[in-house]
Amino acid sequence: MKKKYSLILPCYNEYKNLRLLIPQICNSFKKLSYELIIVDDNSEDLTIIKLKKLFKKRKNIKYVLRKNKRSLGLSIKEGILNSNGINIIVMDSDFNHTPKDLIKMIKKFETNLYDMVCGSRFIQDGYSSTFFRHHSSKLFNLYVNLITGGKMSDNLSGFFIIKKKYLNKYIKKIFYGYGDFYIRLLYVMQKLKIRIAETSIKYSPRKYGVSKSKLINMMFSYSISAAKIVLNKNLIK
């Protein structure tokens, strides 16, 4: 029997965060049918082994271990391919994306007025974790929209809910690389003219571990990705 939601949590060495995050996420769904899919990029901290032991009574958690080249986009792809939900949710595993904001997004999606709900730091009441990150990312989003012709306020948050049927045709074309997958995703969905809404989110600092993201390097590589998206005539075929 299909679940209403499949929530994908890609991770690499995030056991300490996930042991706290998973119970909070489960509380966010209340009476809705859902599954959690933990996609581990071959962590050294034995994420899956430890989580299976800790949450052995939770039957709605799936575990996927990737042993190939580490990639956020490919991890999400594996989560989608292993999902049984009608709708897909993707969020970070380090508390950057919060269960509080997840509840807001689910409530908006549950109105059935939208095909996709995206978290944004750049609408009223939204914010990034630091002043520099917030304003540099905001400027970069203006650049992405200028290049791609998009209208989303946050092309980098990677926090979203979408009806799975819109992804099926594009999974391999969108989900690879790192956070640039989200630029491709928003570009395609805007071209398809599905109903998209944004909700404000506030990035929270990670509780444990060190971020894998380097802002300047990310912006450079994502700039190239944005240009490639526009040049790729096969992306939305």
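Let me start with the side chain of Glu 35, where a polar atom lies 2.6 Å from the backbone nitrogen of Asn 84. The model we are looking at is predicted, so local features are taken only at pLDDT of at least 70 and side-chain atom pairs only at pLDDT 80 or more, while totals for chains, interfaces and linings use all residues. Residues are numbered from 1 along each chain as its sequence is written, and side-chain values use heavy atoms, with hydrogens and water left out.

Glu 35 sits in strand S2, residues 34-40, where a strand is a DSSP run of E with at least two residues, a helix is a run of H or I with at least four, and both are numbered from the N terminus. Is Glu 35 buried or exposed? Glu 35 is buried, at a relative accessible area of 4%; buried means under 20%, exposed over 50% and partly exposed in between, using a 1.4 Å probe and protein chains only. Leaving aside neighbours within four places in sequence, Glu 35 is in contact with several residues, including Lys 3, Tyr 5, Asn 60 and Asn 84, contact meaning heavy atoms within 4.5 Å.

Now to strand S5, residues 116-120, which is largely enclosed by the rest of the structure because 5 of its 5 residues are buried. Met 116, Cys 118 and Ser 120 cover one side, and Val 117 and Gly 119 the other. S5 pairs with strand S6 (residues 160-163) in the antiparallel sense over 3 bridges, and with strand S7 (residues 196-200) in the parallel sense over 5 bridges, pairing requiring that DSSP finds at least two bridges between two strands.

Note on methods
Polar contact = N/O pair within 3.5 Å; in protein donor to acceptor, adjacent residues only side chain to side chain.
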